Each structure stands twice: as C-alpha cells, then as structure tokens.
Amino acid sequence: MSEPAKRVVIIGAGIGGLAAALRLSHAGCAVTVIEAQPDIGGKMRCIPSAAGPIDAGPTVLTMRPVFEALFSDCDLSLADHVTLEPCEIIARHFWDDGTCFDLMADRNATLAHVRDTFGASAADDYARFAARTARLFAGFYNPMMQTAAPGPLQLARHVLRNPRLISDMAPFSTLGTMLRRTFREPRLAQLFGRYATYVGGTPDQSPAILSLIADAEAQGVWVVDGGMFQLAKAMAACAMAKGTTFQFNTPVTRITQHQGRVNGVETATGRKAADVVLFNGDPRAIAIGCLGPDVARAVPDTAVTPRSLSAFVHAFAARPKGPPLAHHNVFFANDPGAEFAALQAGQRPRDATLYLCAQDHGRLAPTALQRFEIIMNGPPNPQRPAKEISQCQTQVFDRLARFGMQFTPTPEPNSLTTPAGFAALFPASQGSLYGRSPHGMMAAFARPTARTAVPGLFLVGGGAHPGAGVPMATLSARHAAEAIMRDPILTSTSHQTATHGGMSTGSAPTGNAPSA
C-alpha cells in the first residue's frame with residue numbers, strides 16, 4: 001500500500017504558483033491552489049476588449065528552455081499546449097530626433113543595424129558589449145538562477161575560478177556607469193540602461209551585472225499565440241489534469257501552525273488542512289503579518305525592502321495611426337537622467353520612456369481594431385491621488401502624439417492601472433511589481449529563498465529567488481517543488497491514482513478583491 005498523498009496548499013495562482021502546482025501534482029502531492037481573484041494569472045493578467053483579451057501584464061517571453069524544461073519534467077511538451085512564434089525584431093526603438101533602431105534576434109543583424117544607425121565606432125562598442133553579456137549570462141546562469149540558495153562565498157569561489165568574470169561584472173560599478181563607459185553613443189547607453197527596469201530598478205542604482213539581461217533577450221524573444229495569458233492557462237490546465245484543485249474568490253486570511261509547523265490555512269469559508277503551504281504572493285505580506293503574526297518571522301524585513309518600481313499600465317483596443325510598429329516598441333524619454341531621478345525620488349517622471357506592445361502586430365490589417373498595452377515606469381505608491389489617472393492619461397498619449405502615434409478611439413481612463421491600483425490588487429506590495437528592489441551590489445542575495453524559517457512554509461514567485469520576471473518565477477517553482485519534496489515530512493514518492501483536478505469559485509465573487 002502506498003502512503004497517502006501529501007497535502008500542499010498553494011496561496012496564489014500566479015505563474016510561480018501554477019508552475020509549482022504542475023510540478024508537485026506530477027510528483028504525487030495533493031495540491032490545492034487558493035486564489036483571491038476570480039481567475040488565474042496573478043500579474044500575468046488580461047482584460048476583455050472588443051478586439052479580444054488584452055495582455056495587461058508581462059508581454060515578453062524569453063528563456064524558452066525554462067518553460068520547455070517545466071513541461072518536459074512533467075512528461076509533457078510545451079509545444080502541445082502553447083504556440084510560440086519567434087520575434088525577428090526583439091524591439092523597435094524611437095527617439096525624438098527621428099532615430100529608429102531595431103534590436104534584432106540575429107546578433108549579426110543587430111550589429112549591422114548599429115553600424116548603419118550610429119556608426120562604426122558604435123558597432124565596435126556593441127560587439128564588445130554583446131560578448132561581455134554573453135559571458136556574464138553563461139557564467140552566472142547556473143550558479144545563481146539555477147541554484148536554490150546561492151551565497152556570496154559560493155559565488156566568489158565560482159568567480160575566482162573564472163577570473164574574466166570579475167571585470168565583466170564590474171562589481172563596483174552601477175549599470176548606468178558601466179554603460180556610459182562602454183558606449184560612446186549615449187542612445188545605446190540609454191537603450192540598455194532600460195533593462196534595469198525589467199526587474200524594477202534604475203540604471204544608476206542597479207548593479208552592472210544586470211547587463212546580462214541583454215543576452216537573455218538576444219537568445220530569443222517569443223510571442224505566445226493568443227497572448228501571454230495562454231501560457232498561464234496551459235499551466236493551469238496541465239496541473240488540473242494531474243490532480244490540482246483550484247479555489248477562486250477565496251482570500252486566505254491566516255496560515256495556521258501546530259507545534260511550530262505549518263498545518264493549514266484559514267479563509268472566510270473555513271480552514272483547509274495542509275502538510276505544506278506554498279505562498280505565491282509578495283513575501284512582504286508575510287513579513288508584516290498579513291497572514292498571521294506567528295509566521296511573520298518566516299521572512300525578514302531585509303528580504304522585502306527597499307521596494308522595486310511600479311508602473312502605469314494602459315491596456316486597450318483601438319485603431320492605430322503613426323509610425324510602423326513592431327510587436328515590442330520603445331519610445332524613449334529625452335533626458336534619461338531626469339526620468340530616473342524622478343523615479344528615485346518617488347515621483348512620476350514628466351518626461352518618461354514608454355513601452356508599447358502591439359499585440360496584434362502582423363496579424364491584422366493596419367486599420368483594424370487592435371490590442372495594445374502601454375507601460376510607463378512609476379514609483380511604488382499605495383495611495384491614489386484622484387488627479388493621477390487623468391494626468392497620466394494626458395501625459396502618455398500627448399507624448400506618443402509627438403512621435404506621430406495616435407489611437408482611435410482614444411483610450412478611456414479605465415484602461416489605466418496605476419501603482420495604487422497594483423497596490424490594491426496585490427496586498428502588501430505597496431504597488432511594487434517586482435518585490436524587493438535590485439539596487440545594491442548584494443541585492444541578489446537579499447531576496448528570500450524557497451525555504452523559510454517556519455517549517456512547512458515555502459515561497460514561490462517573482463518576490464523570491466531568483467527574482468522578477470516570468471522565467472525567474474518559473475525557475476523559482478522548480479526550487480520550491482524540490483525543497484518541498486526534500487522536506488522531512490514529505491518523503492513519499494508515490495503518485496496519486498484516479499485523481500482529477502478541478503476548480504471552484506469558493507466564496508461569492510469579490511470583483512476587484514486583493515489577490516492572494
């Protein structure tokens with residue numbers, strides 16, 4: 001006779017929680033995912049429109065092998081569940097002076113574009129930068145991202161065995177400083193400095209090693225057919241097929257313990273017993289006692305502060321008119337120094353870089369109703385000044401109009417989610433979208449890992465190691481699942497039989513209730 005399946009409750013149905021549910025169900029655990037919102041996805045959310053569901057969260061899929069490994073490890077094939085299309089153009093970039101530059105998937109093509117747009121010396125600078133970021137990504141992918149709990153001494157030994165990495169990582173420089181030394185062309189320094197915002201930082205406060213993000217993109221960017229939300233749906237469907245049960249509209253109010261070990265969760269509809277609880281939310285919620293004072297010690301304050309950036313996000317359907325777009329587009333601010341100084345001061349920048357995702361690029365006639373997402377970085381702010389929405393609405397579309405970009409009909413104010421809106425959606429986040437800030441040389445070691453100080457309580461998602469972003473949250477699920485299966489109370493490797501997943505709406509629908 002096999003042992004009974006071990007009971008795992010996952011709080012939150014974001015990408016990290018969904019990936020962990022799939023892995024743990026495949027490993028034989030009895031998994032229940034409890035989500036406060038009416039649907040899966042977390043920050044990978046979408047909203048309805050006359051043109052179809054619009055992505056209102058992450059839009060860029062990189063590091064495809066991470067997702068292939070997730071499905072393969074669970075005896076599945078990623079290609080059977082989502083359709084991925086490679087982007088020939090990683091992103092199209094616009095400046096006020098009329099410069100337009102395409103960063104290409106083919107690195108030789110990018111080098112040629114740099115030479116044609118910015119000149120031979122800029123091409124030489126880019127070639128050296130690309131080689132450097134490739135070495136950084138190769139050098140740190142395994143010892144940092146693929147390792148469940150990397151430490152400074154472990155990393156130091158790795159670097160000493162590979163001394164070229166010392167100069168490549170520029171340990172005493174910020175990303176902004178390193179880029180200004182690397183590129184004689186300031187527009188290229190501005191372009192690659194924006195990568196700090198991918199993890200919620202600013203270039204002059206983030207470590208130079210974050211330049212490796214450029215190589216992650218250079219290895220390939222994919223479009224998910226139907227939108228990024230399809231990836232979340234595929235993970236949830238596969239988890240359900242392996243036995244995971246979902247409960248929606250059910251905020252968790254407390255994580256319970258018995259004799260110092262987690263033994264379940266409490267919701268408005270009752271208590272759910274568990275051998276293990278996996279939290280897929282902002283770890284700050286645990287640290288400040290939102291899930292009960294007894295588990296607050298699981299996450300130290302230094303693991304969740306200072307906070308990363310937030311954003312102002314428009315998601316809407318309209319007919320575009322203006323410059324030819326790629327799938328991913330960036331309209332740069334005139335003065336990046338002023339833009340990031342405002343963010344560092346906790347203010348909405350007046351001259352801001354705008355990212356525009358043309359979700360239907362290449363699929364519809366140029367005059368057809370199409371889906372768009374626009375992202376402008378902002379400081380985390382749990383408060384919502386009444387005038388902020390109208391001010392941001394005017395700022396964003398007036399700025400795009402100066403590039404000749406117009407939309408018909410003009411998006412309504414309800415198309416915008418502000419930092420205060422994100423603070424309401426994700427409790428205790430303060431509107432921060434990336435968890436702890438990446439600022440500081442040791443920031444990578446400050447994030448909490450999957451295993452916490454409270455027995456039976458684990459973390460998963462962008463707020464935990466290895467950090468923010470869809471691939472990182474998916475990697476964190478592997479770390480969490482492996483830690484859970486190694487947990488002393490979880491020694492069974494038997495699989496469930498004849499068990500089917502499902503979903504329930506839990507308590508009455510709560511509309512815009514906070515996500516778990």
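A cavity is a set of grid points inside the protein where a 1.4 Å probe fits but cannot get out. Keep that idea in mind as we tour this predicted model.

## The enclosed spaces

A search of the whole structure turns up two cavities of 30 Å³ or more. The largest cavity has a volume of about 110 Å³. Its lining is made of 15 residues, and the closest to its centre are Y126, F192, A214, D215 and A218. Which elements give two or more residues to this lining? They are strand 8 (100-104), helix 3 (107-118), helix 4 (120-145) and helix 9 (212-218).

## Strand 8 and its partner

Four of its five residues are buried, so strand 8 is largely enclosed by the rest of the structure. Strand 8 pairs with strand 7 (residues 89-94) in the antiparallel sense, over five bridges.

Is strand 15 (residues 310-321) largely enclosed or left open? Nine of its twelve residues are buried, so strand 15 is largely enclosed by the rest of the structure.

| Partner of strand 15 | Bridges | Facing residues |
|---|---|---|
| Strand 18 (residues 370-378) | Nine bridges | A318 opposite Q370 |
| Strand 19 (residues 406-408) | Three bridges | R319 opposite T408 |
| Strand 20 (residues 416-417) | Two bridges | H314 opposite L416 |

Elsewhere, three strands make an open sheet in the order 11-12-13, with antiparallel pairing. Strand 11 (252-258) and strand 13 (270-273) are the edge strands, since each pairs on one side only. On average, neighbouring strands of this sheet are turned by 30° against each other, direction ignored. Strand 12 (residues 261-267) pairs with strand 13 over four bridges. Within that pairing, V265 stands opposite K272 in strand 13.

Helix 10 (residues 229-241) has 13 residues, and at 1.5 Å a residue they should span 18 Å. The end C-alpha atoms of helix 10 are 18 Å apart, which agrees. The count behind this expectation is one less than the number of residues, because the expected span is 1.5 Å times that count.

Which residues of helix 10 are buried? They are F229, L231, A232, A234, M235, A236, C238 and A239. Just after helix 10, G243 takes a positive phi of about 120°.

Now try helix 16 (residues 470-486). Its 17 residues should span 24 Å at 1.5 Å a residue, and the end C-alpha atoms are 25 Å apart, which agrees. Helix 16 is also mostly covered, with 14 of its 17 residues buried.

## Two loop residues

Loops deserve a look too. T202 sits in the loop between helix 8 (186-193) and helix 9. Is T202 buried or exposed? T202 is buried, because its relative accessible area is 1% and buried means under 20%. From T202 to Q393 there are 191 residues in sequence, and the two are 23 Å apart in space, C-alpha to C-alpha.

G462 lies in the loop between strand 21 (457-459) and helix 16. With a relative accessible area of 26%, G462 is partly exposed, because that class runs between the 20% limit for buried and the 50% limit for exposed. G462 and P488 are 26 residues apart in sequence and 26 Å apart in space, C-alpha to C-alpha.

Methods: Residues are numbered from 1 along each chain as its sequence is written. This is a predicted model: local features need pLDDT of at least 70, side-chain atom pairs count only at pLDDT 80 or more; totals for chains, interfaces and linings use all residues. Side-chain values use heavy atoms; hydrogens and water are left out. Two strands pair if DSSP finds at least two bridges between them. Axes are lines fitted to C-alpha atoms, for helices over the stretch in contact, and angles run from 0 to 180 degrees between N-to-C directions. On a 1 Å grid over the protein atoms alone, a cavity is a set of points where a 1.4 Å probe fits but cannot get out, and a pocket is an open set with protein on both sides within 12 Å along at least five of seven lines; lining residues have an atom within 4 Å of a point. Grid points are joined across faces, edges and corners, and a volume is the space filled by probe spheres set on the points. Buried means under 20% relative accessible area, exposed over 50%, partly exposed in between (1.4 Å probe, protein chains only).
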